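Please look over the sequence and the model below before reading on.

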Amino acid sequence: MTTPTGTLAAPVRPVPARPDAAPRGGAERADWYERLLGDPHDPGNPHGYAALLAADDRREVPAATEELLAGAGLGAEFVPRELGGRLSRPDVLARVLRPLFRRDAALGFGFGITALFGASAVWAAGDARQRADVAARLLGGEPGRVTILHHELAHANAVLRDEFSARSIPGGGFTVDGRKDVVINADRADTFVTYARTATAAGPRSHSVLLLDAARLPSGALRRLERVRTTGMRGSRFAGLELSGCPVPADALVGETGDGVALALRTYQVNRCLIPGTVVAGADSVLRFAVRAATTGRTGNRPARRWHTALAGVFADLLACDSMALTGLRALSLLPDDAHLPAAAVKMTVPELLREDLEELATVLGAHGYDRGPLYGGFQKLVRDLPVAGLGHAGTAACQAVIVPQLRTLARQSWFRTDEPSSRLFLPEAPLPALDYRRLGVAGRSDVLVASLVGSAERLAEQSAPGPVWSALAGLAEAFATEMRSLRELCAALPESARSVLVDPYACTLAERYGLVLAAAACLGVWQGQDGTGSFLDDPAWVVLALSRIGRRLGLPVPELPDSVAGSVLEELLTRHREGRSFDLYATQLAG
């Protein structure tokens, strides 16, 4: 690692970990984990790229790093503060977890947020005993002890396929049967949050949630199957799980019988925002690899001109992805009744943008992209991991299933009618209420991001700031507002039947276009929230470049941009690379 002056700095080695040493503030805690894990480029660091890639090659979890994080009390990050943990705001949680995902997405999932995916149903509907029990397990430090057994979804991948059934038995309780061949941490978890079918007919009351404690089940009722080899997240512990005639006590039921689908719709909102909000840190690392490849050995450590467009453009995309993820995460706390639509849009849109960015960066990396060593090996690993990480919970089809049935109603009742949201929605440092899973709704009809986009376009049209950059920004904002007017007409004409719309590829295409427009709205909201700060995010260059790239994906009229736009973004990218700061909205100082 080099210092801002260009001199060689000593590697940042891991610091000792104690749960009580974790700072209370989110930014401070993110920095604490970053220092805890140390310089990822240091070959002597047991938690660096060399060690993590070696563990992945062996298809093993990075045991030393998991032990370090357990000692730091990582499990507390997924427990609400009122239960003794550190979880208060989902946007803060995403920031705190980025040091893990920056190094290894499989580590972040397998020893991180999977535990929250399971525990969230308990936080939303569990009774006092259930909440206390799950909290105690996570506060013990090992997130891998809690996992989730999803119900089957349409278009499911292997993680979501197959399901369990639960039959009521006389005197209370259930008998559970079923098998899933791909469950993360199935071989080491002792707490399984299980979505089981409790009704024979399909419908909103078809499933229930059961909290299974392996220690309370009869011997032989739960069978852990052999480990599954996956192409991505190779070190993660995916294995099968089978329950056969397994008696489960009545007090294992979370909420009421038939609450499973409703709980999934409520809790998956958090998951859908948290996945992109953390995985963006992995893409940050790949962009760092690309900048290194493009600048090493060159005069002034500057990339060849042929790479300027790609590097600056991907940096702008990362800021756009982070803006969208941030907005979705903050909506969960600020607008719990209306967060389900932006959450689905975030999960549908951001992974696709990141996938395109990885393809673009592959051209910059060239032969380095095939390097399996610690300098560049993280690129191929992330390419392998992202399909599993991005789709291991609920993929694009599931998000479309949330958005598509709402398009007709949104077009007729919300778009260009809803009031703009508070500016706090877009400000990372602005205070928020604590996340309360019990308040998350799924029936809201207010589309606050479209309202924000329309307001941004109107304000830019009224401003008279001179210069081609401002002119380009105003034109782009109006182009997106015009796209929303077109979408309003097209979506208002969709069939009333949700079943008909869900099988219509045309409606799914409209949903994808809608997701890209919301990405643009988030960028404009974050940029306008910086007014007067004098920071790089206050400069319109990044938002102009980000909107132009999103606009081209939509086929919108995009003006020719002044050279200063890409030039300004590229200079910020190179400065952050030289100073060892992150490429997201926070520009965090990194350990290496």
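Predicted model: local features only at pLDDT ≥ 70, side-chain atom pairs only at ≥ 80, totals over all residues.

## The nonpolar cores

The largest nonpolar core has 179 residues, and the members that touch the most others are Trp123, Leu287, Leu311, Trp415, Tyr514 and Trp542. Helix α7, which covers residues 260–295, supplies the largest share of this core with 18 residues. In soluble globular proteins, nonpolar side chains tend to be buried together.

## Aromatic rings and charges over rings

Across the whole structure, a search finds nine aromatic pairs. In one of these, Trp415 and Tyr514 form a tilted pair, with 5.5 Å from centre to centre and 35° between the planes. Trp415 lies in the loop between α11 (396–413) and α12 (448–462), while Tyr514 belongs to helix α15 (residues 505–529), so the pair ties together parts that are 99 residues apart in sequence. Trp415 counts as buried because its relative accessible area is 1%, under the limit of 20%. Tyr514 is likewise buried, with a relative accessible area of 0%.

Elsewhere, Phe101, Phe109 and Phe117 are linked by ring pairs into a cluster. Two arginines are also placed over aromatic rings: the charged end of Arg288 sits over the ring of Phe583, 3.9 Å from its centre, and Arg292 lies over the face of Tyr376, at 5.5 Å from the ring centre.

## Strands and their partners

Strand β7 (residues 238–248) runs antiparallel to strand β3 (residues 174–184), and eight bridges join the two. Within this pairing, Arg179 stands opposite Glu242 in β7. Strand β7 is also joined by four bridges to strand β6 (residues 222–227), again in an antiparallel arrangement, and here the bridge partner of Arg227 is Ala239 in β7.

How many of the seven residues of strand β5 (residues 207–213) are buried? The strand is mostly covered, and the count is seven of seven. In a regular strand the side chains alternate between the two faces of the sheet. In β5, His207, Val209, Leu211 and Asp213 point one way, whereas Ser208, Leu210 and Leu212 point the other way, and all are buried. Strand β5 pairs with strand β4 (residues 191–197) through seven bridges, the two running antiparallel, and Val193 stands opposite Leu211 in β5. Two bridges also join β5 to strand β8 (residues 253–254), which is antiparallel to it, with Val209 opposite Val254 in β8.

At 4% relative accessibility, Ser285 counts as buried. With residues within four places in sequence left aside, Ser285 is in contact with Tyr49 and Arg102, and a polar contact of 3.4 Å joins the side chains of Ser285 and Tyr49.

Ala30 has its place in helix α1 (residues 26–37) and is buried, with a relative accessible area of 6%. Not counting residues up to four places away in sequence, Ala30 touches Arg95, Val96 and Pro99. Although Ala30 and Arg95 are 65 residues apart along the chain, their C-alpha atoms are separated by 6.3 Å.

## Positive phi angles in loops

Most residues other than glycine have a negative phi. Against that background, which loop holds Arg59, and which holds Asn185? Arg59, whose phi is positive and near 60°, is found in the loop between α2 (49–57) and α3 (63–71). Asn185, which is not a glycine either, has a positive phi of about 65° and is found in the loop between β3 and β4. At 1% relative accessibility, Asn185 counts as buried.

Definitions and conventions: Residues numbered from 1 in each chain as written. Heavy atoms only, no water. Core = buried A, V, L, I, M, F, W, Y, C linked by side-chain atoms within 4.5 Å. Buried < 20%, exposed > 50% of the residue type's maximum accessible area, 1.4 Å probe, protein only. Phe/Tyr/Trp six-rings, centres within 6.5 Å; stacked < 30°, edge-to-face > 60°. Lys NZ or Arg CZ within 6 Å of the ring centre and 35° of its normal. Pairing = 2+ DSSP bridges. Polar contact = N/O pair within 3.5 Å; in protein donor to acceptor, adjacent residues only side chain to side chain. Contact = heavy atoms within 4.5 Å.
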